[in-house]
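Student: I am new to this structure and would like to learn how to read it. Could you take me through it feature by feature?

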Amino acid sequence: EKTVHIRGTGNEKNRFTVVLTCAADGTKLPPICIFKGKRLGRGEQIPSGVVVWFQENGWMDSKLMINYIDYFNNNRSRDPTMLVYDSFRGHLEESVKTKFRDNNVDLAVIPGGLTSICQPLDVAINKPFKDRLRKEWHLWMANGGAGETTAGNLRRAVYCGITDSLDSDHEELEISDIDDTL
């Protein structure tokens, strides 16, 4: 029996959520990155092309969906609008549906288990985006990540480094990719 030791940051199980929003005409809103926690670390700055929110578990919930509606409304035309999303319970709460309705946004909810079939953006945009981000993470880790602590452990990634990658990956999404998908 042999033991293979693998160095890590101790944060391998940490996750975060990225919310990508685009319109049928190819317009993209800046990505929203939802990190676990309450606020940025001291001295960290986020690039202007990314929005950062915090939530206890690092994912979208009904409270952040209410914030999202405000964000969405501040960044959209007043043309008739339909939003397509999956059946995650935070999307389906009555307060969320009411706020969308009050802001003249029609909702199309994809039944559970059918996202990959009925939501082409999930396959054609979100998956390649996640794949590129994962590849960047692995390359970053292979190149030493954020350096080592005095005890010799790898430092965790800083939020601004992650959001820099998000900003550049988001910019690589071509409007034609969105148009072709829709």
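Tutor: We will go from the overall layout to the strands and then to the charged pairs.

Tutor: First, a word on the source: this is a predicted model, in which local features need pLDDT of at least 70 and side-chain atom pairs count only at pLDDT 80 or more, while totals for chains, interfaces and linings use all residues. Residues are numbered from 1 along each chain as its sequence is written, and side-chain values use heavy atoms, with hydrogens and water left out.

Student: How many helices and strands are there in the protein chain?

Tutor: Helices (H or I, at least four residues) and strands (E, at least two) are DSSP runs, numbered from the N terminus. Here the protein chain has seven helices and five strands. Read from the N terminus, their order is β-β-β-α-β-α-α-β-α-α-α-α.

Student: What share of the residues counts as buried?

Tutor: Buried means under 20% relative accessible area, exposed over 50%, and partly exposed in between (1.4 Å probe, protein chains only). By that rule, 31% of the 182 residues of the protein chain are buried.

Student: Now the strands. Which of them form an open sheet, and in what order?

Tutor: Strands of a sheet pair through backbone hydrogen bonds, either parallel or antiparallel. Two strands count as paired if DSSP finds at least two bridges between them. In this model, three strands make an open sheet, ordered S1-S2-S3, with mixed pairing. Its edge strands are S1 (16-19) and S3 (51-55), each of which pairs on one side only. From one strand to the next, the twist averages 20°.

Student: In which sense do S1 and S2 pair?

Tutor: S1 and strand S2 (residues 32-36) are antiparallel, joined over four bridges. Look for Phe-16, which stands opposite Phe-35 in S2.

Student: Which helix lies across these strands?

Tutor: That is helix H1 (residues 62-74), which lies across S1, S2 and S3 and runs at about 160° to S3. Such angles run from 0 to 180 degrees between N-to-C directions, with axes fitted as lines to C-alpha atoms, for helices over the stretch in contact (heavy atoms within 4.5 Å).

Student: What can I look for in S4?

Tutor: In a regular strand the side chains alternate between the two faces of the sheet. In strand S4 (residues 81-86), Thr-81, Leu-83 and Tyr-85 form the covered face, whereas Met-82, Val-84 and Asp-86 form the uncovered one. S4 runs parallel to strand S5 (residues 105-110), and six bridges join them. Leu-83 stands opposite Leu-107 in S5.

Student: How many salt bridges does the structure hold?

Tutor: Side chains of opposite charge can pair when their charged atoms come close. A salt bridge is counted when a side-chain nitrogen of Lys or Arg is within 4 Å of a carboxyl oxygen of Asp or Glu. The structure holds four. One of them joins Lys-99 and Asp-70 (2.8 Å, N to O). That pair links distant parts of the chain, with Lys-99 in helix H3 (residues 94-102) and Asp-70 in helix H1, 29 residues apart.

Student: Why does Lys-99 count as partly exposed?

Tutor: Because its relative accessibility is 22%. Asp-70 is also partly exposed, at 33%.

Student: Where do Lys-97 and Glu-94 lie?

Tutor: Both are in helix H3, three residues apart, about one turn of the helix. Glu-94, Lys-97 and Arg-101 are linked in a network of salt bridges.
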